[in-house]
Amino acid sequence: MSALDVRAVTKTYGEGTTAVHALVDVDLTVEPGEFVAVMGPSGSGKSTLLTIAGSLEEPTSGSVRVGGRDLAALGRRGRERLRRREVGYVFQDFNLLAGLSAAENVALPLELDGVPAGRAAATARAALDDLGLAEGLDRFPDELSGGERQRVAIARAVVGERRLLLADEPTGALDSANGEGVMRLIRAVGARGVATVVATHDAQLAAWADRVVFLRDGRMVDRTGARPDPATLLGTGTEA
Amino acid sequence: MSVRHALLALLSEGPKYGLQLRTEFEDRTGEVWPLNVGQVYQTLQRLERDGLVTSDDDGDGDDGGPQKGFRITGAGRDELDAWLRTPAIDVAPPRDELVIKVLVALRLPGVDLAEVVQVHRRHLVELMQQYTRLKEDASPDDVSLGLVADAELFRLDAVVRWLDAAEARARQAPPGEPAPVTSRPRLPRRIGAGR
């Protein structure tokens with residue numbers, strides 16, 4: 001069963017001559033553990049695709065399935081529960097709560113979902129530890145670097161049983177070393193079975209993905225093949 | 001890529017054999033630039049002719065084969081030092097051919113520029129996926145490999161960004177026929193140079 005299955009999704013804002021076609025007949029399937037990058041310039045529809053995949057917005061037509069369940073059939077309450085328990089979001093501006101430590105930020109979605117505080121804290125610490133973020137658990141967001149904040153945001157997005165991570169320009173204004181740290185973490189999360197979709201205009205980020213799909217004016221115009229084997233880069237020398 | 005100066009750099013650490021030089025060269029460039037034995041010996045011969053290295057020639061007419069040792073001379077050290085500080089010359093980057101293709105696509109009737117650009121963009125991103133994976137799979141201690149992969153990634157990224165900019169520029173151009181070629185400013189010669 002696919003982690004995410006977007007079928008023939010169209011999203012139109014407005015009507016008639018002023019209508020804006022943000023997405024036109026888009027298909028996207030992501031398997032558990034797979035990392036797909038959606039690459040396109042600003043205004044190409046990639047953020048809209050993420051918000052629709054994460055049930056934050058509804059498509060004008062077409063269907064979205066998360067973990068096999070049709071979002072339209074789930075109803076509003078069902079979609080809320082799905083957003084709380086199964087889908088993690090990471091945005092460009094880190095969205096950590098300033099008054100909470102790193103560990104408390106990660107525990108927050110669990111607590112909001114009714115997990116008792118003690119168990120939520122333990123799960124959050126385990127998640128941070130598991131992702132190599134054991135240092136600085138008790139520090140507050142303003143005591144963390146930009147790269148550290150974004151790694152905590154990713155830990156928060158995948159804590160608990162979340163199977164789908166949606167990230168919109170997750171490395172934002174980070175320098176290349178910190179950006180690479182974030183992408184390595186996303187791949188580590190994928191190795192644990194979480195499906196990831198990253199929207200970006202940046203080819204260096206997209207290159208971390210198993211597959212890259214290209215959006216232009218709301219349409220999926222192209223895609224790369226399966227992640228190529230780097231061995232083809234080697235052994236291309238002149239030696240007989 | 002100057003094999004000549006890479007060999008001088010390796011010899012500046014101490015005397016080495018030819019085969020050893022080849023292995024060390026490949027190790028330090030993250031095995032991304034394989035070198036054949038013939039290239040190594042040919043370069044060493046030229047370095048020796050130019051007085052930049054000396055070999056332990058036993059005078060029996062035998063060239064010594066893989067066990068022949070080489071050492072750097074004072075002139076060799078001076079040459080290496082000067083090379084390190086010489087700005088790298090722009091050696092007609094491979095994207096020049098791409099520039100020509102995009103220029104042609106812009107003018108050719110019936111050709112969709114965006115589609116041509118996308119074919120190249122996809123190819124470049126696929127290459128970048130390979131280099132990224134190379135970097136990801138490498139040991140964190142392998143600084144050389146990371147560095148070489150980054151160099152390619154930044155170079156390819158620049159080409160992708162140029163394609164993005166080219167597509168955006170073409171879109172913003174007013175609709176209608178492109179201006180006649182003769183009214184265009186002359187391109188720098190390098191872009192037109194055949195490759």
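In the predicted model, the side chains of strand 8 of chain A are divided between two directions: A:Ala195, A:Val197 and A:Ala199 point one way, while A:Thr196, A:Val198 and A:Thr200 point the other way, and all are buried. In a regular strand the side chains alternate between the two faces of the sheet. Strand 8 of chain A, which comprises residues 195–200, is accordingly mostly covered, with six of its six residues buried.

Strand 8 of chain A is paired with two other strands. Strand 3 of chain A (residues 35–39) runs parallel to strand 8 of chain A and is joined to it by five bridges; within this pairing, A:Val36 stands opposite A:Val197. Strand 7 of chain A (residues 164–168) also pairs with strand 8 of chain A in the parallel sense, over five bridges, and here A:Leu165 stands opposite A:Thr196.

The largest nonpolar core contains 83 residues, of which A:Leu4, A:Val106, A:Ile154, A:Ala155 and A:Ile186 touch the most other members. The element that gives the most to this core is helix 7 of chain B (residues 143–172), with nine residues. In soluble globular proteins, nonpolar side chains tend to be buried together. When neighbours within four places in sequence are left aside, A:Ala155 is in contact with A:Val106, A:Ala127, A:Leu128, A:Leu131 and A:Leu133.

How values were computed:
Residues are numbered from 1 along each chain as its sequence is written. Chains are lettered from A and ligands numbered from 1 in the order in which they are written. This is a predicted model: local features need pLDDT of at least 70, side-chain atom pairs count only at pLDDT 80 or more; totals for chains, interfaces and linings use all residues. A residue is buried if 20 or more other C-beta atoms lie within 10 Å of its own, exposed if 12 or fewer, and partly exposed in between; C-beta atoms are placed from the backbone. Helices (H or I, at least four residues) and strands (E, at least two) are DSSP runs, numbered from the N terminus. Two strands pair if DSSP finds at least two bridges between them. A nonpolar core is a set of buried Ala, Val, Leu, Ile, Met, Phe, Trp, Tyr and Cys residues joined through C-beta atoms within 7 Å. Two residues are in contact if their C-beta atoms, placed from the backbone, lie within 7 Å.
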